[in-house]
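Dear colleague,

I am handing over a structure that you have not worked with before.

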Amino acid sequence: MSMENTRVLMVTDCNPQSQLFIDYIRQQLDCEVSALSTQESFEPPTDGKVVVLLDADHVDENCMHLWNSRASESPEMILAAFNLRDDEHAAELLISLHLQGVFYRQDNLLLICKGIAKLLEGDLWMSRNLMTRLIDFYRRQQLNAYRPVCGLTHRELEIIGLLGTGASNTEIADQLFVSEHTVKSHLYNIFRKIKVHNRIQAMNWARQNLGAPPMVSLRSPRKARTS
């Protein structure tokens, strides 16, 4: 199988085992395959497609969200995850990450290569059971979209939604035309109401109770803000 102008990039712990995996994929797909540790920098592709495989055993949640942001800004990047435990694990990730493919720990190398080839062709790669679960989840979230949750105000729901996109306090302030002090005050009230202590816990709570965060294009920074 020949795939011109395509790449496969594994974000993982670079070791002899991952090198064997890389060599196998290269032989099966006849395309460039490389590995990148979570600490290394990455330049988005300018031409040709690249499938980015995130190793769930070595890439933490913050790093996954960073790659998700990169993929949203680069149409040539196709985001997938491997070494997932089961459909439950995959569903948790798919709620907040725009993954186009998922691979499980029990998947053999030949099946993974088949899935990568489908991703490069523009298809999704996930089980029918998983897609059914996601459709049911989003239907439930749509029904509950306007239902008050834990006493959160409309503004607090906006802020926790933006928080789920990985936006900083400054970016949230710019988006909502308020001061950073106002954002911090809202976050304090949100954390108190939903009984969490930090941003990561708040994002996890939001995924479980509110569904996927809205896809928001942040406005350009403003010179001045008002409370």
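The notes below cover confidence, then helix packing, then an aromatic pair.

This is a predicted model, in which local features need pLDDT of at least 70 and side-chain atom pairs count only at pLDDT 80 or more, while totals for chains, interfaces and linings use all residues. Residues are numbered from 1 along each chain as its sequence is written, and side-chain values use heavy atoms, with hydrogens and water left out.

The mean pLDDT (the predictor's confidence in each residue, from 0 to 100) is 83 for the chain, and 86% of its residues reach 70 or more. Confidence is lowest in helix α5 (residues 128-143), with a mean of 76, and highest in strand β5 (residues 101-104), at 96. Helices (H or I, at least four residues) and strands (E, at least two) are DSSP runs, numbered from the N terminus.

Two packed helices are described by the angle between their axes and the distance between the axes. Here the axes are lines fitted to C-alpha atoms, for helices over the stretch in contact, and the angles run from 0 to 180 degrees between N-to-C directions.

Helix α7 (residues 169-176) packs against α8 at about 105 degrees, with the axes 8 Å apart, which makes α7 roughly perpendicular to α8 (angles under 35 degrees count as roughly parallel, over 145 as roughly antiparallel, 65 to 115 as roughly perpendicular and the rest as oblique). The contact (heavy atoms within 4.5 Å) joins Asn169, Thr170, Ile172 and Ala173 of α7 to Glu180, Val183, Lys184 and Leu187 of α8.

Helix α8 (residues 180-194) also packs against helix α9 (residues 199-210), at an angle of about 60 degrees and with axes 11 Å apart, and α8 is therefore oblique to α9. On the α8 side this contact is made by Leu187, Phe191 and Ile194, and on the α9 side by Arg199, Ala202 and Trp205.

Elsewhere, α1 and helix α4 (residues 109-120) pack at about 55 degrees, with their axes 10 Å apart, and are therefore oblique to each other. Among the residues of α1 that meet α4 is Phe21.

The structure holds 2 aromatic pairs (rings of Phe, Tyr and Trp, the last by its six-membered ring, pair if their centres lie within 6.5 Å; planes under 30 degrees apart count as stacked, over 60 as edge-to-face and the rest as tilted). In one of them, the rings of phenylalanine 21 and phenylalanine 82 have centres 5.8 Å apart and planes at 70 degrees, so the pair is edge-to-face. Because phenylalanine 21 lies in helix α1 (residues 16-29) and phenylalanine 82 in strand β4 (residues 77-84), the pair ties together parts that are 61 residues apart in sequence.

With best wishes
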